[in-house]
Structures are given as structure tokens and as C-alpha cells.
Amino acid sequence: MKNTIYREEFSAAGISSKTIKSALDCCLIRLCRGVYSVIRECGVKDHSRIAAFIRDVDWISFHVGKTPADLKRDFRYQTQLRALRIQSYRWYRPEDVIVGKSAAVLHGIPLYKDASQAITVRHPRSNSHTKEIIRVRDEVPAEDQVRFGHLAATSAIKTALDLIRISGQHEAFAALEWVLRQATADHFPGFNPRSGYTEKFQSEARRIIKTAFYPAVARMRSGQVTAQRMVDAIGPFSESPAESKCRLNLIALNLTGFEQQIEVRDSRGFIARVDFLNEQARTILAVDGSEKYALVGPSLFRREGEQHNRLLSLGYKVIHLSFDDVLRLNDFRDKIFTQVPELKQMVGSPDE
């Protein structure tokens, strides 16, 4: 997988430490102590035997034409490397359970600008702290554990709940909604968000919250009140962390009346499925999900074009929100209330 090679394999092939050192940042990268990945087939003669370890050609192709600076800026790539480090680390102890942001990486939960390198684990009897692993003495209930091959980690739900304490409510809320969305989609084979959402999708999400999320909250030793409040508020319709953050901002402002993923039509038929719609205020929030932190790529909804004009002709006001706009509550509030002042009248009002 990803041309992962252990130091002993190099030694068995007669590749010296000097050769390995010279190959780093050329055709080889170091994942963790004694573990490497071959990323390209270079023309350096001394590195020719390293090329014999190439098995994952797609991994090699990915690196073609990319500089170290390009790779450092590539958020998804850096996340892949972190997952490789966690999976290939060789000095786990029996009963180690991978937790926190390390568990989030294994589950694929998106993390915003996370540059942490050390693997975080819990162990029922041991404490230790090195550059590569932080081990804290603590027990993780069996109900909150899952397996990744030979590795144990906190479940996706438990991991997202732990992020409340580790990363704050904004990131944890996005993680909780991501986990709920994935769990719900798993019950609908062939699910495609572009086809829209059914009432069954929402009802299945509510069932999962009651049967899986609530018990996980009940097992928490602290922070239950905040966790319960957040779990009560999550839904399965956010298609990117940016949309989750927008949704949490609406909740924080007590700004009612907005619904997610609503289809809008006119006399000509379907126009668009918009991210957030407040029918009473005739206001649409279009959240840009194209940031590197997004899951599903650029928003289908754009400022320019026929869709936008048709929505305007129906009397809708469209507020376009970037990731930065939803990242900070004050910026979010200022932007939406400046563009649509009448929204202020809906703060704290009952749902229609």
C-alpha cells in the first residue's frame, strides 16, 4: 500500500543507511521511525534498488510533476500521509486504542488545518510521550471501539464527540454531521446527493441519532450536557464542513426558518437545489464548498448564470458565503444581516 517499506526490507536488499538518507526527498519519504514510502522512480544510479520496491504505480503517478512545496500545500495528500503513518507505526502496545485527531484521520473525518504529527492513544495502564506517540492512561469502553485491521480506535461517533474537547464546538459539530451523514448514506445503497433527499433519509438519520449517538453521549464521563445539545442539533444534509459550520452559526444566532437542501422551481421547472432557504424571508444562503476542507468539491450553485437570474426573478435574495465567512460567527452575522436586514426580525422567532 503506497509503496510502504520497512527499514529491515531495505537492509535485506543491501540498501545502506547512507543510500536511504540520500534518497529522502528525492524518491523516498520517511513516514515514521523505520518506515518509508517510495514516491517516484528517479534517475539516480545509487537509488535504482529502491525502485524495485515500487508496487503501487498509482502512488508514483500521483507524484509526477509535483514539487515538495506542492505536496506540502495539498491538504488531502498530507492527510493521506498521516493515515499511512498511523497505520504503519510499529511500536503500539497491546491494548492501545487510537483516539482523538489520529482516530479522526483513520475514519476520514475532515479536520480543519490540522498539523499535528504525534499519534494519540489511550492505554488502560500506561503513560508515555515521544515525538511520534502520545499515550495517556485511560480506558475506552468496548462499545466505543472499532478495529482497523490489527489496530483499535475509537468509533467514528466517539471520535467526533471527543473533538468537542479537543478542537472546539465548530469543528466537532462538522465532524458529528459528517459521521451522521456517512452512517445514514450507508443504509441507502447507491446514494447520490445530487438526486436529492427523501423523508426516509431524514427519518433514518434520526433513528441513528437515537440508537447510536445518544448511547455514546451517555457513556461520556464529562461534557455530556454540551454533547447532548450538539447531537440534538445535528442533521444529515450538510454536504461539506462549510455547510455544517453555517448551520451551527444559524443555531448560535437563533435565526429560525432556514431549511437545507431545498429544491426551487419556477414555471419552467427545476432551477436548483439550494444549500439553505428561508422561504419567509425569500433568502437563499449559497455556501461555497470548494475550499480544501470541503468533501464534495465546488458547489453546483454559482453566482453567475441562468440559475441565479431565475432565482432573482422569483424574488429570492441570494447570499454567497465563502468558507472564511462561516468560520467566524461575527463575520457570518455581519454579512447576512448587512445583505438582508430583515433577517434580524427572525432572530428567535418561531419556526413557520
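**Entry 1: the model and its domains**

I noted at the start that this is a predicted model. Next I looked up how the protein chain is divided. The assignment gives domain 1 (4-85), domain 2 (91-232) and domain 3 (241-345). I then looked up the distance from domain 1 to domain 3. Their C-alpha centres lie 43 Å apart.

**Entry 2: the sheet with S1, S2 and S3**

I turned to the sheet of three strands. The sheet is open, its order is S1-S3-S2, and its pairing is antiparallel. Which strands stand at the edges? I found strand S1 (4-6) and strand S2 (28-32) there. Each has a single partner strand, so one side of each has no neighbour in the sheet. From one strand to the next, the twist averages 35°.

I followed one pairing in detail. S2 and strand S3 (residues 35-38) are antiparallel and share four bridges. Arg30 stands opposite Tyr36, which belongs to S3. I also looked for a helix against this sheet. Helix H6 (residues 75-88) lies across S1, S2 and S3. H6 runs at about 55° to S2.

**Entry 3: strands around S7**

I looked up the partners of strand S7 (residues 133-137). Strand S5 (residues 119-123) runs parallel to S7, and five bridges join the two. Here Val121 stands opposite Arg135 of S7. Strand S6 (residues 128-129) pairs with S7 in the antiparallel sense, over two bridges. In that pairing His129 faces Ile134 of S7 as its opposite residue. How many residues lie between S6 and S7 in their hairpin? I found three residues between them.

I went on to helix packing. Two packed helices are described by the angle between their axes and by the distance between the axes.

I took H9 with H12 to begin. Helix H9 (residues 169-185) and helix H12 (residues 241-252) pack at about 120°, and their axes are 9 Å apart. That angle makes H9 oblique to H12. The crossing is right-handed. On the H9 side I listed Gln169, His170, Glu171, Phe173, Ala174 and Glu177. They meet Pro241, Ser244, Lys245, Arg247, Leu248, Asn249 and Ile251 of H12. By class, this contact of H9 with H12 has five nonpolar, four polar and four charged residues.

Then I took H9 with helix H11 (residues 224-233). Their axes come within 10 Å and cross at roughly 50°. H9 is therefore oblique to H11. This crossing of H9 and H11 is right-handed. Gln169, Ala172, Phe173 and Leu176 make the contact from H9. From H11 come Thr226, Arg229, Met230 and Ala233. I sorted the residues of the contact of H9 with H11 by class: five are nonpolar, two polar and one charged.

**Entry 4: the sheet from S10 to S13**

I finished with the sheet of four strands. It is open, with the order S10-S11-S12-S13 and mixed pairing. Its edge strands are strand S10 (258-266) and strand S13 (317-321), and each pairs on one side only. Neighbouring strands are turned by 45° against each other on average, direction ignored.

How do strand S12 (residues 283-287) and S13 pair, parallel or antiparallel? They pair in the parallel sense over five bridges. Ala286 has His320 of S13 as its bridge partner. Helix H15 (residues 329-339) lies across S12 and S13. I noted its angle to S13 as about 160°.

Note on methods. Residues numbered from 1 in each chain as written. Predicted model: local features only at pLDDT ≥ 70, side-chain atom pairs only at ≥ 80, totals over all residues. Heavy atoms only, no water. Axes fitted to C-alpha atoms, helices over the stretch in contact; angles between N-to-C directions. Parallel < 35°, antiparallel > 145°, perpendicular 65-115°, else oblique. Left-handed = near helix turned anticlockwise from the far one by under 90°. Contact = heavy atoms within 4.5 Å. Nonpolar A, V, L, I, M, F, W, Y, C, P; charged D, E, K, R; others polar. Domains from an automatic or database assignment. Pairing = 2+ DSSP bridges.
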